[in-house]
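Have the sequence and the 3D view open side by side for this one.

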Amino acid sequence: MLAVDVSNYSVTTVNLAVDMAASVQTGLLGLFIEDEDLLQVSGLPCTREITLTTTRERPTSTDQMQRSLRSVAQQFKQTLQREAQASQIAWHFDTVRGRMRDIGLKSERDVTYTIFGRSVSHRLQPSRKIRGIRKILLILDDSPRQKLALDVVLRRFHHEKIELTLVGEDPRQKLSSVLSSQIAGKDSELELARYDRDDLFELLARAGPSFDCAIMSQHENNADLPRILNALRCPTILVA
């Protein structure tokens, strides 16, 4: 499932979700969330919209915002259809009203991977012209599905230098050999940085916004999960 709202829909995040679905040979659900808070604020008498190009102000309304949200939702649906059909994977689309953190984290659907879009997800777009450092955060648990998610992300950056930050202990102690085989013979450089779980929130406070992608378990502590997501500014893959 790819969950986005009006502030963080992007083609590159859709491509990531399509790659994930194709790799595990499953269907893809695109879930567009009409931000309940945004709709409420847009109806207040004091709320104004400022145009970036002209800096002019104009009043807003709930109806106007609803139309704007539906326009972005339609763009999202069309992109999802195009990319999913090109990869020959089954896809579905749904629109719900609520809050991203509530709907995405408490989905009653049978979902293996949940991907949260982020407003800076254009950073995920691979570039062969400019070689930069791509930063991936992996919060380890004992799920083999994390490796599949990491496979997909590494392939997207396979022509660039990658800095992989590992948080926690590898339960199987096989991750290093897996990573070595992943990049063998490819035009990539991989650097590993390891942190204890106790250092996670200090790491996020310092480097959270700089990650290009994050992978973690959906079964994180109920108190920790929202804190982690709030600290990140990148597409985040939650593994069931």
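How many helices and strands are there in the protein? The count comes to eight helices and eleven strands, and keep in mind that this is a predicted model. The protein has 240 residues, of which 44% count as buried. If you take the contacts between residues at least 6 apart in sequence, 75% of them join residues at least 24 apart.

Now the cysteines. Searching the whole structure turns up zero disulfides. Cys213 is in no disulfide, then, and its nearest cysteine sulfur belongs to Cys234, 6.0 Å away.

| Residue | Relative accessible area | State |
|---|---|---|
| Cys46 | 64% | exposed |
| Cys213 | 0% | buried |

Next, the helix pair. Two packed helices are described by the angle between their axes and the distance between the axes. For H7 (residues 200-207) and H8 (residues 224-231), the axes come within 9 Å and cross at roughly 20°. Angles under 35 degrees count as roughly parallel, so H7 and H8 are roughly parallel to each other. The crossing of H7 past H8 is left-handed.

Which residues in H7 and H8 meet? From H7 come Leu200, Phe201 and Leu204, and they meet Asp224, Arg227, Ile228 and Ala231 in H8.

Notes:
Residues numbered from 1 in each chain as written. Predicted model: local features only at pLDDT ≥ 70, side-chain atom pairs only at ≥ 80, totals over all residues. Heavy atoms only, no water. Helix = DSSP H or I, 4+ residues; strand = E, 2+ residues; numbered from the N terminus. Buried < 20%, exposed > 50% of the residue type's maximum accessible area, 1.4 Å probe, protein only. Contact = heavy atoms within 4.5 Å. Disulfide = S-S within 2.5 Å. Axes fitted to C-alpha atoms, helices over the stretch in contact; angles between N-to-C directions. Parallel < 35°, antiparallel > 145°, perpendicular 65-115°, else oblique. Left-handed = near helix turned anticlockwise from the far one by under 90°.
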